[in-house]
Amino acid sequence: MRMRKISWLIVFLLSSLHLSAQLSAQDKKYLDSLDQLAVKTKSDSVRAELYFTLSDYWVDRDSVKTIGYLNKGIKYGQPYAYLRGRYYYLLADYYAAKDPAKSEVNYLKADKELAAFTTKRAYKQRAMLWHNYALLHQHEDDLKATLEILIKRVLPLAQKGGDDVMLGTEYISISTIFMNLEQYDKAVMYSEDGIKYFQHTP
């Protein structure tokens with residue numbers, strides 16, 4: 001059982017990555033600068049993006065600040081379909097540990113809004129939300145549903161997103177599940193595919 005839990009750490013790898021807040025700076029100066037930019041900008045869409053970035057920064061640190069910035073962001077982002085998608089995606093992340101049912105509903109709302117966009121960023125965002133959606137099923141020990149989502153939803157979107165790190169990680173995640181299911185031939189196949197993608201990364 002302990003080994004199973006350890007191996008699942010690989011599956012959780014992407015769930016800790018937040019596309020809007022990959023900046024390494026976490027000091028007060030960084031956060032204050034985003035707040036100031038949000039106040040000063042004349043663009044509602046830019047202001048919404050900044051508030052969403054701040055919300056994403058705080059999601060694992062402070063739930064009050066997370067939801068506060070989310071509410072500010074959607075206030076300015078409501079007219080824009082892509083930003084509504086970002087809102088539902090971040091709201092789903094917020095609820096993931098607190099209320100999985102609400103999280104699931106919001107991931108689906110996010111995908112519906114983002115499905116109209118064909119940019120690499122949108123594809124990567126959708127790949128990430130479906131990955132997190134799959135994790136909800138994993139928490140319920142529904143490995144069949146988890147695999148189906150990762151293979152049929154996440155991989156095609158990640159491929160369109162063109163991110164080798166994301167693709168490599170997803171293939172390794174799928175390999176890990178097959179390994180836990182003792183389907184070693186499939187585990188090896190997906191592991192080898194994952195390694196191929198990692199070979200093209202720094």
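This is a predicted model: local features need pLDDT of at least 70, side-chain atom pairs count only at pLDDT 80 or more; totals for chains, interfaces and linings use all residues.
## Overall makeup

The protein has 10 helices and zero strands. Read from the N terminus, its elements run α-α-α-α-α-α-α-α-α-α.

Of the 202 residues, 46% count as buried. Contacts between residues at least 6 apart in sequence can also be sorted by their separation: 60% of them join residues at least 24 apart.

## Helix 5 against helix 6

Helix 5 covers residues 81-95, and helix 6 covers residues 100-114. Their axes lie 7 Å apart, and the two helices pack at an angle of about 160°. Helix 5 is therefore roughly antiparallel to helix 6, since angles over 145 degrees are counted that way. The crossing of this pair is left-handed.

On the side of helix 5, the contact is made by Ala 81, Tyr 82, Arg 84, Gly 85, Arg 86, Tyr 88, Tyr 89, Leu 91, Ala 92, Asp 93 and Tyr 95. They meet Pro 100, Lys 102, Ser 103, Asn 106, Tyr 107, Lys 109, Ala 110, Glu 113 and Leu 114 of helix 6. Sorted by class, the contact of helix 5 with helix 6 has 11 nonpolar, three polar and six charged residues.

## Helix 6 against helix 7

Helix 6 also packs with helix 7: their axes come within 10 Å and cross at roughly 160°. This angle makes helix 6 roughly antiparallel to helix 7. Helix 6 passes helix 7 in a left-handed crossing.

From helix 6, the residues in this contact are Pro 100, Ser 103, Glu 104, Tyr 107, Leu 108, Ala 110, Asp 111 and Leu 114. From helix 7 they are Ala 122, Gln 125, Arg 126, Leu 129, Trp 130, Asn 132, Tyr 133 and Leu 136. By class, the contact of helix 6 with helix 7 has 10 nonpolar, three polar and three charged residues.

Pro 100, Ser 103, Tyr 107, Ala 110 and Leu 114 of helix 6 are listed in the contact with helix 5 and also in the contact with helix 7. As background, an α-helix has 3.6 residues a turn, so residues three or four places apart point the same way.

## Helix 7 and Leu 135

Helix 7 spans residues 120-139. It has 20 residues and reaches 29 Å from its first C-alpha to its last, close to the 28 Å expected at 1.5 Å a residue. Helix 7 is mostly covered, with 16 of its 20 residues buried.

Leu 135 is found in this helix. Leu 135 is classed as buried because its relative accessible area is 6%, and the cut-off for buried is under 20%. Leu 135 and Ala 96 are 39 residues apart in sequence, while their C-alpha atoms are 9.2 Å apart in space.

Helix 7 is followed by Asp 141, which is found in the loop between helix 7 and helix 8 (143-161). Asp 141 is not a glycine, although its phi is positive, at about 60°. With a relative accessible area of 59%, Asp 141 is exposed, because the cut-off for exposed is over 50%.

Glu 182 is found in the loop between helix 9 (164-180) and helix 10 (184-198). The phi of Glu 182 is near 65°, again a positive value in a residue other than glycine. Glu 182 counts as exposed, at 58% relative accessibility.

Note on methods
Residues are numbered from 1 along each chain as its sequence is written. Side-chain values use heavy atoms; hydrogens and water are left out. Axes are lines fitted to C-alpha atoms, for helices over the stretch in contact, and angles run from 0 to 180 degrees between N-to-C directions. Helices (H or I, at least four residues) and strands (E, at least two) are DSSP runs, numbered from the N terminus. Angles under 35 degrees count as roughly parallel, over 145 as roughly antiparallel, 65 to 115 as roughly perpendicular and the rest as oblique. A crossing is left-handed if the near helix is turned anticlockwise from the far one by less than a right angle, and right-handed if clockwise. Contact means heavy atoms within 4.5 Å. Ala, Val, Leu, Ile, Met, Phe, Trp, Tyr, Cys and Pro count as nonpolar, Asp, Glu, Lys and Arg as charged, and the others, Gly among them, as polar. Buried means under 20% relative accessible area, exposed over 50%, partly exposed in between (1.4 Å probe, protein chains only). The expected span of a helix is 1.5 Å times one less than its number of residues.
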